[in-house]
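Thanks for coming. I have one structure to go through today, so please look at the screen.

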Amino acid sequence: MKRIDQNMTPEVFAKVLCSRELGDDIGRVGFKFVRNMLVGINRTRSVNLTDIAKGLKENIRLHATHKRLSRNLDNPELAANLSDRLLNLGAQRVRPDTRLIVNVYELNKKYARKVEYLPEPGLESDSGFKVCEILASNPGSERYLPLLATVWSEKVPGYISETDEIRKALRRVVKATNGRGMFYFDDHYFDGDSLRPLFSDPQIRFIAMMQNSRLDALYHSETCSLQSLADSLETPYGRTLFKLIPEGAAGTSKNTDMDVFIHAGAMAVKLPDCDRNLRMIALKTKNRFTGETST
């Protein structure tokens, strides 16, 4: 395993990142580019290419340095190699209980006109590129380690669907980590409909908040909604927590401590048209303001 020290210099980190253990040979030109970029970013604290070129302070015209860096940035084979290397490096720190957080968002290019594969202007959902970012974080840790980020639009050659792009990213991480870790899907972006195609992939171990509680599941060969199963589920594990309710919320006239009893349980279920065994976890809360609810 390659050990990464926070005090490691950019030059040393470049050697670690470009070592043969992490991927295909990057070549001398590729290594020089990586080292130059890391040194320039470290010196200038900027990712602007002109600033990086200035930070290198080479004894040649600034335009020549800028042109060389730009040419290497436009090398798709080098970009793919570096992406795999960074993923393999980060995967060495992933444990079986590591959280692999999946976040999908839009990269808007409002004023761009000549960016390759830029979607046609029109609907807001088509105004930019989609990004799938996967971060690793161990339980009890406040550190988040970037593993992979993929970018696409519907104009990219070979594009099939958004779900297919996300699945490809997940499988790359599964391969690099040898199946270690548990995927956590961002509940602000994913809903039941977008997650269903991913549920059937046996390589993907996941935890996901199901916002669409009307989604049907099979329990003892009977079709039931997730909400009805959650309402009827026994929840033997519980604990009382205290939450600060600010003045004005829930009709309070001052800051108030609210006691919340949280209890949970789980049951084995299947989704229609999916042979994979899944477990539904129901979380129930009870307090004096809203009564009892189940999720």
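Is Lys57 buried or exposed? Lys57 is exposed, because its relative accessibility is 69%; exposed means over 50% relative accessible area, buried under 20%, and partly exposed in between, with a 1.4 Å probe and protein chains only. Before going on, some ground rules. This is a predicted model, in which local features need pLDDT of at least 70 and side-chain atom pairs count only at pLDDT 80 or more, while totals for chains, interfaces and linings use all residues. Residues are numbered from 1 along each chain as its sequence is written, and side-chain values use heavy atoms, with hydrogens and water left out.

Now the overall picture. The protein has eight helices and 11 strands; these are DSSP runs numbered from the N terminus, helices being H or I of at least four residues and strands E of at least two. The C-alpha trace spans about 70 × 50 × 45 Å along its principal axes. Of the 295 residues, 36% count as buried. If we take contacts (heavy atoms within 4.5 Å) between residues at least 6 apart in sequence, 53% of them join residues at least 24 apart.

Back to Lys57. Its place is the loop between α3 and α4 (62-73), and its phi is positive, near 55°. For comparison, most residues other than glycine have a negative phi. Arg45 is another case: it is not a glycine, yet its phi is positive at about 55°. Arg45 sits in the loop between α2 and α3 (49-56) and is exposed, with a relative accessible area of 65%.

Met37 counts as buried because its relative accessibility is 13%. Leaving aside residues up to four places away in sequence, Met37 touches Leu49, Ile52 and Leu69. Leu49 is 12 residues from Met37 in sequence, and their C-alpha atoms are 8.8 Å apart.

Last, helix α6, residues 162-177. Its 16 residues reach 23 Å from the first C-alpha to the last, close to the 22 Å expected at 1.5 Å a residue, where the expected span is 1.5 Å times one less than the number of residues. Buried residues in α6 include Ile166, Leu170 and Val173. What do the buried residues of α6 pack against? Their partners are helices α5 (76-91) and α7 (192-199), and strands β1 (99-108), β2 (128-137), β3 (145-152) and β4 (182-185). Just after α6 comes Asn178, with a positive phi of about 55°.
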